[in-house]
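Work through the exercises below with the model open. Each task is followed by its solution.

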Amino acid sequence: MSSAETPVSNLNLPNVLTTLRIVLVPFFGWALLVDGGDSVLWRTVACVIFVVAMVTDKVDGDIARSRNLVTDFGKIADPIADKAITGMALIGLSIVGDVWWWVTIVVLVREWSVTVLRLSILKRTVIAAADLGKLKTTFQALALGFLALPLRNPALPDSLETAGEVVFYAAQACLAVAVALTLWSGFEFFRGVWRQRHHL
C-alpha cells in the first residue's frame, strides 16, 4: 500500500519536535524572567532554550517534507509552536525593558492574525510561506536570540561590557529589520489571500 493511501501517524519525529517546542515555552519564559531578567545564568539558559526551539523548528519541517510525514496536527501545531515561543520572547523582553511594548504588540497582532487566517483557510486554500516571510523569521530569530542574553547586565565582567553593548544594538537593528519585514510580508500575505479568494 502506498504512503498516499496510508494515513500518516501523528506520532512521528516532526510532531514530537513540534510538541517539544510548545512544552519549552513556559520554561523559556520562566528562565527569561528569573530575578526580573537580571540573572546572568538564567538569561543564558533562556537563550539556549530559544536556540533549541529555533533549530527544532527548522529540523522538524525538513524531516516532515523529506520523509512525507506531513500531518494535519503538524500543520496546526507547528505555526502555533513558532508563534508561542516568539511571542513569549517578545513579551518577556518587553517586561524586562529590552524591547518596546509597541513593537511586541504590532508583531504579535500581525503574527497571530496571519496564523489564524492561514489555519482557517487551510482546507480550501494553500498559502505557502513567501521568501520575504522566511527572511523576516531569520532576522526575528537572530534578534530575539541575542536579546535573550544578559548583554547589558551589571554583573558581567568589564571586559564584556563593550561587546555586550555592541551585540545589544546589533540585535536591536535586526529587530527593526524584522518588524519592517513583518509588516510588509503581512501585507503581501493578506493581498495574496484576497486575490485567491476573488480569483484575480
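**Exercise 1: Asp57**

Leaving out neighbours within four places in sequence, Asp57 is in contact with Arg21, Asp78 and Asp82 (contact: heavy atoms within 4.5 Å). This is a predicted model, where local features need pLDDT of at least 70, side-chain atom pairs count only at pLDDT 80 or more, and totals for chains, interfaces and linings use all residues. Numbering starts from 1 along each chain as its sequence is written, and side-chain values use heavy atoms, without hydrogens and water.

Task: decide whether Asp57 is buried or exposed.

Solution. Take the cut-offs: buried is under 20% relative accessible area, exposed over 50%, partly exposed in between (1.4 Å probe, protein chains only). Asp57 has 19% relative accessibility, so Asp57 counts as buried.

**Exercise 2: the Trp100 and Trp102 rings**

Task: classify the pair formed by Trp100 and Trp102.

Solution. Rings of Phe, Tyr and Trp (its six-membered ring) pair if their centres lie within 6.5 Å; planes under 30 degrees apart are stacked, over 60 edge-to-face, the rest tilted. The rule gives five aromatic pairs. For Trp100 and Trp102, the centres are 6.3 Å apart and the planes at 25°, so the pair is stacked. Trp100 is exposed, at 64%.

**Exercise 3: around Phe168**

Task: describe how Phe168 and Tyr169 pair.

Solution. Their centres are 5.2 Å apart, with 85° between the planes. The pair is therefore edge-to-face. Next, accessibility: Phe168 is buried at 6%, whereas Tyr169 is partly exposed at 47%.
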